[in-house]
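The sequence and structure come next.

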Amino acid sequence: MTQALEITLDPDRIDIVAAHDCLSRSYWAEGIALPVLERAIRNSLCVAARDAGRQVGFARLVTDRATFAYLADLYVLPGFRGHGISRLMLQALFDHPDAQDLRRCLLVTRDAHGLYEKFGFAPLAAPARYMERHDADVYRRVAREGRAP
């Protein structure tokens, strides 16, 4: 990591192709089509970490910008982990005016609980109240069927 690390929320500075390269191989978005990710990014509040012009981290907040948000797709490239980049990106997202005074913010994680706890996240207080509609195979199925995403 160089001293040139930049944290940006400017949509024009988000490298969608770089985000797609990483996210399409992640356990949570494996196989996501580029047009799907482009639409998701366009409709979210996003942050990127850039080092010497290269995108090395990314996250997005899906939000109505008034009451609710869902944190998704946070990654930092392997060679850049352990330098606080995730914390810097999350701080930038949660400091954004459109992320203030939200009643609820959710996320799903397999292994980064400690990071998110630093930002006030905790296990669900009433998990029995939450339900989900989850289609884990949607990206593969759409690709297999040859449908446009």
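## Packing around helix 3

The buried residues of helix 3 pack against strand 1 (6-8), strand 2 (45-51), strand 3 (54-63), strand 4 (68-76), strand 5 (104-107) and helix 4 (113-117). The model is a predicted one. Helix 3 covers residues 85-95, and its buried residues are Ile85, Ser86, Met89, Leu90, Ala92, Leu93 and Phe94. An α-helix has 3.6 residues a turn, so residues three or four places apart point the same way.

In the chain as a whole there are five helices and five strands. Read from the N terminus, the order of elements is β-α-α-β-β-β-α-β-α-α.

## Aromatic pairs

The chain has five aromatic pairs. Two of them are set out below, with the distance between ring centres and the angle between ring planes.

| Pair | Centre distance | Plane angle | Class |
|---|---|---|---|
| Tyr27 and Trp28 | 5.0 Å | 85° | edge-to-face |
| Phe94 and Phe121 | 6.1 Å | 50° | tilted |

Tyr27 counts as partly exposed because its relative accessibility is 41%, a value that falls between the limits of 20% and 50%. Trp28, with 36% relative accessibility, counts as partly exposed too.

Are Phe94 and Phe121 buried or exposed? Both Phe94 and Phe121 are buried. Phe94 lies in helix 3, whereas Phe121 lies in the loop between helix 4 and helix 5 (138-145), so this pair ties together parts that are 27 residues apart in sequence. Phe94 and Phe121 also belong to a cluster, linked by ring pairs, that includes Tyr116 and Phe119.

## The chain as a whole

The radius of gyration of the chain is 16 Å; a compact globule of 149 residues would have one near 15 Å, so the two values agree. Along the principal axes, the C-alpha atoms fill a box of roughly 45 × 40 × 25 Å.

Buried residues make up 37% of the 149 in the chain. Taking contacts between residues at least 6 apart in sequence, 59% join residues at least 24 apart.

The chain exposes about 9,400 Å², and 50% of this area is supplied by carbon and sulfur atoms.

Definitions and conventions: Residues are numbered from 1 along each chain as its sequence is written. This is a predicted model: local features need pLDDT of at least 70, side-chain atom pairs count only at pLDDT 80 or more; totals for chains, interfaces and linings use all residues. Side-chain values use heavy atoms; hydrogens and water are left out. Helices (H or I, at least four residues) and strands (E, at least two) are DSSP runs, numbered from the N terminus. The radius of gyration is taken over C-alpha atoms; the globule rule is 2.2 Å times the number of residues to the power 0.38. Buried means under 20% relative accessible area, exposed over 50%, partly exposed in between (1.4 Å probe, protein chains only). Contact means heavy atoms within 4.5 Å. Accessible areas come from the Shrake-Rupley method with a 1.4 Å probe; for residues, only the protein chains shown count as cover. Rings of Phe, Tyr and Trp (its six-membered ring) pair if their centres lie within 6.5 Å; planes under 30 degrees apart count as stacked, over 60 as edge-to-face and the rest as tilted.
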